[in-house]
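Thank you for asking me to look over this structure. My remarks are set out below as numbered points, for reading beside the coordinates.

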Amino acid sequence: MKHLLSIDDLSTDEIGQLFETAADMHDVQKREVKKLPALRGRTVVNMFFEDSTRTRSSFEIAGKWLSADVINVSAKGSSTSKGESLRDTVLTVCAMGVDGLVIRHPASGAALQVSQWVDASVVNAGDGMHEHPTQALLDAYTLQRHLGSLEGRHVAIIGDLTHSRVFRSNVQCLTKLGARVTVVAPPTLMPSGIASWSAAAGFETSYDVDAVLPEADAVMMLRVQRERMSGAFFPSPREYTVGYGLTRNRLALLKPDVPICHPGPMNRGLEIAADAADATQSVVLEQVSSGLAIRMAVLYHLLAGEEA
Amino acid sequence: MADPDTDPTRSDRTVLDARDISRALTRISHELLERNKGATDLVLLGLHTRGVPLARRIAEKIAAVEGAPVAVGELDVTMYRDDLRSQPTRRAHKTALPAGGIDRKVVVLVDDVLFSGRTIRAALDALADLGRPSAVRLAVLVDRGHRELPIRADHVGKNLPSALAERVSVRLAEVDGTDEVTIS
């Protein structure tokens with residue numbers, strides 16, 4: 001593995017290997033000395049052209065616990081705000097001898113584009129509305145810890161599908177692992193052309209949350225991405241909650257102990273009620289610690305071995 | 001079955017069979033007990049892959065002699081190796097310490113073959129990140145020589161002088177379905 005740009009690049013075997021390594025890395029979080037020397041002398045740059053708390057700090061800690069030197073570059077406060085192009089910024093940073101480049105960018109395809117410009121290993125930490133592969137890996141890893149194998153298990157992904165890279169990566173990852181996936185959204189937030197995609201990729205679509213919830217083995221709520229919404233996708237936040245939010249009443253529709261995921265940051269009271277976010281079966285915080293283990297595994301697999 | 005020493009179709013030679021391995025582990029168990037004056041504060045850590053079953057076997061033998069269980073764990077040193085960069089990505093294994101941890105304990109590292117000593121160097125670094133044992137000792141089933149670092153074993157099942165080009169293979173029932181040590 002040279003880059004991690006899309007879930008599509010990973011075979012089922014490779015996903016399994018990443019999960020095995022992540023399980024080993026998970027134990028490191030419980031240790032007093034949270035440090036492994038595997039990436040000593042390697043340099044990783046986090047380039048974030050979009051706001052982020054958990055993904056950026058998670059990659060930063062993951063790199064540091066593997067003993068890599070990690071620096072952060074964000075669009076605000078970098079030469080990007082002086083008008084430098086993405087290509088020039090990336091080439092400048094890589095000229096400093098960088099081994100790994102973790103990139104988040106508002107443009108879909110940015111990570112792939114960057115990987116063609118540089119020698120460093122590139123990790124896609126979210127590119128526009130396209131993909132967010134480490135999020136999908138950590139979601140599937142978290143669910144696997146709760147459900148055992150995902151083979152034949154039914155996962156419902158609910159919310160703003162149109163703007164969601166998390167959904168695009170997750171559908172691929174979960175179906176690769178044998179899960180049955182149903183995606184639910186209001187018609188205005190259902191991506192155009194999803195009918196042919198779902199037929200080809202083997203997942204189901206629905207507009208009816210209340211019909212899907214009782215038969216789900218896991219629920220994944222998506223954030224309503226107001227920063228990406230230029231038009232009116234629903235009449236009011238209240239109306240969205242009534243139609244598609246995971247409210248206290250809907251919580252009662254779930255089978256007992258069905259894990260509830262949310263990639264964060266949560267809009268409490270919009271797509272997820274506090275009762276659901278703080279329920280005992282909510283795995284939101286576990287997703288964060290799994291995310292660290294997954295990102296350590298990804299950095300290890302990309303950067304530890306000999307150059308491919 | 002053909003005798004491997006005379007069987008012309010086999011290029012390897014058996015140096016320890018199942019009974020030899022069992023006897024060697026019994027002796028190591030007794031040596032450990034004698035040296036440590038009992039099994040208190042003793043922690044056996046098997047190194048992946050084949051050190052893990054060896055550590056478990058030694059623990060069973062010690063338990064049989066002492067009548068009380070002895071702490072066993074497993075240690076993975078992949079992340080501490082000095083040759084990570086020159087090989088394809090190695091898969092890491094689980095590190096599992098016994099509930100009592102290793103602080104102020106006598107830790108015995110258990111491995112199948114002692115060769116260059118680099119694995120043990122990595123294991124010592126890994127231990128330092130996990131705690132502070134009062135002493136660390138090394139028990140190996142086979143010492144084949146050719147050390148590249150100033151490291152030696154405290155307890156050796158068999159000293160096996162070998163040429164650098166020769167290959168020493170340890171097979172254990174738990175991993176390989178059979179117990180034997182061969183050289184080829």
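1. Basis of the model. This is a predicted model, in which local features need pLDDT of at least 70 and side-chain atom pairs count only at pLDDT 80 or more, whereas totals for chains, interfaces and linings use all residues. Residues are numbered from 1 along each chain as its sequence is written, while chains are lettered from A and ligands numbered from 1 in the order in which they are written.

2. The sheet of chain A. Helices (H or I, at least four residues) and strands (E, at least two) are DSSP runs, numbered from the N terminus, and two strands pair if DSSP finds at least two bridges between them. In chain A, 5 strands form an open sheet with parallel pairing, in the order β7-β6-β5-β8-β9. Its edge strands are β7 (204–206) and β9 (260–261) of chain A, each of which pairs on one side only. Strands of a sheet pair through backbone hydrogen bonds, either parallel or antiparallel.

3. Pairings within the sheet. The parallel strands β5(A) and β6(A) are joined by 5 bridges, and Val155(A) stands opposite Val181(A) in β6(A). Strand β8 (residues 218–221) of chain A is joined to β9(A) by 2 bridges, again in parallel, and there Val219(A) stands opposite Ile260(A). A residue is called buried if 20 or more other C-beta atoms lie within 10 Å of its own, exposed if 12 or fewer, and partly exposed in between, with C-beta atoms placed from the backbone. Because 4 of the 5 residues of β5(A) are buried, this strand is largely enclosed by the rest of the structure.

4. Helix α6 (residues 165–176) of chain A lies across β5 (154–158), β6 (180–184) and β8 of chain A, running at about 160° to β6(A); axes here are lines fitted to C-alpha atoms, for helices over the stretch in contact, and angles run from 0 to 180 degrees between N-to-C directions. Helix α12 (residues 284–303) of chain A has 20 residues and should span 28 Å at 1.5 Å a residue, which agrees with the 28 Å between its end C-alpha atoms; the expected span is 1.5 Å times one less than the number of residues. Of the 20 residues of α12(A), 15 are buried, so that the helix is mostly covered.

5. Backbone places to check. Most residues other than glycine have a negative phi, and most peptide bonds are trans. The peptide bond from Gly264(A) to Pro265(A) is cis, with omega near -10°, and Pro265(A) lies in the loop between β9 and α11 (274–277) of chain A. In chain B, a cis peptide bond joins His48(B) and Thr49(B), with omega about 5°, and Thr49(B) is found in the loop between β2 (42–47) and α2 (51–66) of that chain. Ser67(A) has a positive phi, near 75°, and is partly exposed, with 16 other C-beta atoms within 10 Å. Asp257(A) also has a positive phi, near 65°, and counts as exposed, with 9 C-beta neighbours inside 10 Å.

6. Annotated positions. An unreviewed UniProt entry places the feature "binding site" at Arg54(A), Thr55(A), Arg104(A), His132(A), Gln135(A), Gly264(A) and Pro265(A); such annotations may be inferred rather than shown by experiment, and the positions are given in the numbering used here, with feature names shortened. Arg104(A), in strand β3 (residues 100–105) of chain A, is buried, with 26 C-beta neighbours inside 10 Å. Two residues are in contact if their C-beta atoms, placed from the backbone, lie within 7 Å. Leaving aside neighbours within four places in sequence, the contacts of Arg104(A) include Phe48(A), Glu50(A) and Thr55(A). Gln135(A), in helix α5 (residues 133–147) of chain A, is buried with 26 other C-beta atoms within 10 Å, and with the same exclusion is in contact with Val166(A), Ser169(A) and Pro263(A).

7. Contact between the chains. The contact takes 15 residues from chain A and 16 residues from chain B. On the side of chain A, the largest share, 5 residues, comes from helix α1 (residues 12–28) of chain A. The residues of that side divide into 5 nonpolar, 4 polar and 6 charged, where Ala, Val, Leu, Ile, Met, Phe, Trp, Tyr, Cys and Pro count as nonpolar, Asp, Glu, Lys and Arg as charged, and the others, Gly among them, as polar.
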